[in-house]
Amino acid sequence: LRLVNTRTGVAVGQHGGGGVGGGGVAHTDWVTACTHMPDGRVLSGGMDNRVLLWGRGGGGGATELRGGHSCSVSCVGPVGATHAVSGSYDKTLVLWELGGRGGGRARAVLRGHKAPVLSVDVTAGGRLVSSGRDGVAVVWDARRGRAVNFYQVCPRQHASQVAWQGADGAAVFAAGAQDGRVCLVDTRAGPLPVRDCTVHD
């Protein structure tokens, strides 16, 4: 993982590399997802089935979050300041409780997708939506670790990306499909997309 100054485009630090990390661990296969936590730490997932938590700044190794996935990790995201979520080709999402200095533990395993999970997004208030190769988007209650509703947003297509629209009180999310469509789903209006259009050819 490289840290880049967005103003200059210059790399200012690096996490891991070559499977070796100073005093910690590093990914041993492709890194497939990464995000910043609110406190500046970095969360990453890889084809090595691992979720790693890196300290602030560059250099050094990571702490592995254990008890997670049995297949490649496809997406990661913060859930507030002290929790995170990861999605995987094992068809699950894992909610993580993060320690203050590093490390953490799996708090809940979310099961509901019938195919690999491809994307996840979380509001500031902890409302979570995921999408997968089953064409389904699932809204989850992150605090209780359970599914709230299922939306067949992309019949016979992969639902490749999801994103909440708006801030903390978001009720509408967008779901991108393998065939170039984007669906807008209002979670207050039932299971059908409120808008469905082709935006990519």
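Which residue in S14 is the bridge partner of Ala 137? In S14, that partner is Tyr 151, a residue that also belongs to a cluster of ring pairs with Trp 164 and Phe 173. The model is predicted, so local features require pLDDT of at least 70 and side-chain atom pairs count only at pLDDT 80 or more, while totals for chains, interfaces and linings use all residues. Residues are numbered from 1 along each chain as its sequence is written, and side-chain values use heavy atoms, with hydrogens and water left out.

**Sheet and hairpin**

- Strands are DSSP runs (E, at least two residues) numbered from the N terminus, and two strands pair if DSSP finds at least two bridges between them.
- Strand S12 (residues 127–132) is joined to S13 by 5 bridges in an antiparallel arrangement, and Val 129 has Val 139 as its bridge partner in S13.
- Strand S13 (residues 136–141) and strand S14 (residues 146–152) also run antiparallel, joined by 6 bridges.
- S13 and S14 form a hairpin with 4 residues between them, and Gly 145 in the turn has a positive phi of about 70°.

**Aromatic cluster**

- The structure contains 2 aromatic pairs; rings of Phe, Tyr and Trp (its six-membered ring) pair if their centres lie within 6.5 Å, with planes under 30 degrees apart counted as stacked, over 60 as edge-to-face and the rest as tilted.
- Tyr 151 and Phe 173 form an edge-to-face pair, at 5.7 Å centre to centre and 75° between the planes.
- Tyr 151 belongs to strand S14 and Phe 173 to strand S16 (residues 172–177), so this pair ties together parts that are 22 residues apart in sequence.
- Both Tyr 151 and Phe 173 are buried, where buried means under 20% relative accessible area, exposed over 50% and partly exposed in between (1.4 Å probe, protein chains only).
- The rings of Trp 164 and Phe 173 have centres 5.7 Å apart and planes at 80°, so they too form an edge-to-face pair.
- Trp 164 is buried at 9% relative accessibility, and Phe 173 is buried with a relative accessible area of 0%.

**Nonpolar cores**

- The largest nonpolar core has 15 residues, and those with the most contacts inside it are Val 85, Leu 93, Leu 95 and Leu 128; such a core is a set of buried Ala, Val, Leu, Ile, Met, Phe, Trp, Tyr and Cys residues joined through side-chain atoms within 4.5 Å.
- Elements giving two or more residues to this core include strand S9 (92–98), strand S10 (104–111) and S13.
- A second, separate core of 14 residues includes Val 153, Ala 159, Val 162 and Val 185.
- Beyond its neighbours within four places in sequence, Leu 95 is in contact (heavy atoms within 4.5 Å) with residues including Val 85, Leu 128 and Gly 145.

**Cysteines**

- A search of the whole structure finds 0 disulfides, a disulfide being a pair of cysteine sulfur atoms within 2.5 Å.
- The sulfur of Cys 154 lies 5.0 Å from the closest cysteine sulfur, in Cys 183, which is too far for a bond.
- Cys 154 is buried at 0% relative accessibility, whereas Cys 34 is exposed at 51%.
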